[in-house]
Amino acid sequence: MTGVEPRAVLTPDEIDLSDIAFWARPWDEREGAFQTLRHERPMPFFKEPEIPEALSAMIPQGPGYYALTRHAHISEASRHPEIFESGRGATSIVDMPEEMLDFFGSMINMDNPRHARLRRIVSAAFNPRMIKSIEDRIDFVANDVIDRVAPLGGCDFVTDVAARLPLEIICDMMGIGASDYDTVFSASNIILSSGDTEYVPEGSDAMAAFMMAAQQLNMLMIDLATHRRENPTDDVTSALVNTNVDGEQLTDTEVAAFFILLVVAGNETTRNAISHGLLAMTQHPEQRALWQADPAGIAATGVDEVVRWGSPVIWMRRTVASDTVLGEVELHEGDKVIMFYNSANRDEDVFDDPFTFDVRRSPNPHIGFGAAGPHFCLGAHLARQEIDVMFRRLFERLPDIKSVGEPDRLLSPFINGIKHLDCTFTPAAPR
Ligand code: HEM
């Protein structure tokens, strides 16, 4: 039993991807709805989610969007960034108001030439050679995280294990000290929570909490950037503030916005991939046995299957720059398209048995890291390495670890998140 076999309980007319109630449905019903759309209505048009009264002055109600549910359509849009832009209004469903652009105006929300310029400056820190060079550090942190829980015999896998590795590695790479880890953790939870009441208490102003969290990360980074300009080390912040590309340097605001992007793009996503991985392997013991028997061999395919399976980032938006046709739909300048990666990653036209979790799946042309194009995930090598090392060390040191009970899922149309997942294992001594 996979727990996510699609169950079609909605007709195409009943499906509304803008209704938060849709995202509160069980996963199998959502899979059923996306399967229905892929087959019967692959590019439906939806009204945008209602903007709450308090925010309507800052964020105007948008015109609606086309939902891309097929792998082929999303791949085509991603291959044509000159038509399907990221910088117009941003990659969120709503256009991003000016007030937010300082914090969230980084490369994910840019087009060329600015995008290429920024990506050139930062890409060296994330290329496979650099990631290889921090392999020992990733290994050290993974072991350290396991040491903290090993004697307990059980823990909250998400907060105690899966969340810690990506958080500590990205802070480490940027030069942020251990005393600030928890600040970064809670701020990134608030930014990506979509107002989930665990992170933003009911009755409080979700937008104010969101902006405050961004401001906190912004200040932390501006302080660090100022310091590193005078006292460079070998961390990424020092490289960012001191790199010259075509005679240009990043401003403090650009460095801070990039850091916020890394924190939100790099933490929650990898945390959720690792959590979905443990859950899937608990539900599919035969797949887990394969991985456990040959961690180095299976990781080459298993890691990407975990990303396909969990599809931690559900969608990204593009905005049409000039009239075009996609599939059979005529699109006009200014139209918004939302690319549903989760749906593409179950597309029967591309994957054999898409609802089967198969750690040896090959080929696996999933687009969980985005489709080929200029915005393909900058952190994909890092994320793959973290997932690989985490499972290698877990299977070695807590060999019978498994999730127990139902996962506590994040209510979000954007992140396929697990907030809490209990796990048990035979207690072990720290190293
Ligand atoms: C399993 C983990 C991850 C998933 C599923 C994921 C997913 C994605 C996706 C779907 C995009 C495409 C955005 C678009 O097309 O508009 C993206 C972009 C990006 N990701 Fe990741 N990501 C992961 C891990 C990371 C990590 C660890 C980092 C860095 C620490 C990172 C940094 C970025 C950045 C900076 C971009 C923007 C790239 C650009 O616009 O050029 N991601 N990611």
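**Figure 1. Overall architecture of the protein chain.** The predicted model comprises 17 helices and twelve strands. Along the principal axes, the C-alpha atoms occupy a box of roughly 60 × 55 × 45 Å. Of the 431 residues, 56% are buried. Among contacts with a separation of 6 or more, 73% join residues 24 or more positions apart.

**Figure 2. The shell of residues around the ligand.** The ligand is surrounded by 28 residues, the closest being His115, Arg119, Arg318, His375 and Cys377. By class, the shell contains 18 nonpolar, eight polar and two charged residues. At least two shell residues come from each of helix H5 (114-123), helix H13 (252-283), strand S5 (315-320) and helix H17 (380-397). Helix H13 gives the most, with seven residues.

Figure 3. Which distances separate the ligand from the polar side-chain atoms of histidine 375, arginine 119 and tyrosine 341? For histidine 375, a polar side-chain atom is 2.6 Å from an oxygen atom of the ligand. For arginine 119, the distance from a polar side-chain atom to a ligand oxygen atom is 2.7 Å. In tyrosine 341, an N or O atom of the side chain lies 3.3 Å from an oxygen atom of the ligand. Histidine 375 and arginine 119 are also listed among the closest residues to the ligand.

**Figure 4. The salt bridge between arginine 41 and aspartate 13.** Side chains of opposite charge can pair when their charged atoms come close. The closest N and O atoms of arginine 41 and aspartate 13 are 3.0 Å apart, and the two residues form a salt bridge. Arginine 41 lies in the loop between helix H2 (27-40) and strand S1 (45-46), and aspartate 13 lies in the segment before helix H1 (20-23), so the pair ties together parts that are 28 residues apart in sequence. Arginine 41 counts as partly exposed because its relative accessibility is 35%. Aspartate 13 is exposed, with a relative accessible area of 64%.

**Figure 5. The salt bridge between aspartate 172 and arginine 137.** In this salt bridge, the closest N and O atoms of aspartate 172 and arginine 137 are 2.5 Å apart. The pair links distant parts of the chain, with aspartate 172 in helix H9 (residues 164-174) and arginine 137 in helix H7 (residues 135-149), 35 residues apart. Aspartate 172 has a relative accessible area of 27% and is therefore partly exposed. Arginine 137, with a relative accessible area of 33%, is partly exposed.

Figure 6. Are arginine 228 and aspartate 235 buried or exposed? Both arginine 228 and aspartate 235 are buried. These residues form a salt bridge in which the closest N and O atoms are 2.7 Å apart.

Conventions: Residues are numbered from 1 along each chain as its sequence is written. This is a predicted model: local features need pLDDT of at least 70, side-chain atom pairs count only at pLDDT 80 or more; totals for chains, interfaces and linings use all residues. Side-chain values use heavy atoms; hydrogens and water are left out. A residue is near a molecule or strand if one of its heavy atoms lies within 4 Å of it. A polar contact is a pair of N or O atoms within 3.5 Å; within protein, one must be able to donate a hydrogen and the other to accept it, and residues adjacent in sequence count only if both atoms are side-chain atoms. Helices (H or I, at least four residues) and strands (E, at least two) are DSSP runs, numbered from the N terminus. Ala, Val, Leu, Ile, Met, Phe, Trp, Tyr, Cys and Pro count as nonpolar, Asp, Glu, Lys and Arg as charged, and the others, Gly among them, as polar. A salt bridge is a side-chain nitrogen of Lys or Arg within 4 Å of a carboxyl oxygen of Asp or Glu. Buried means under 20% relative accessible area, exposed over 50%, partly exposed in between (1.4 Å probe, protein chains only). Contact means heavy atoms within 4.5 Å.
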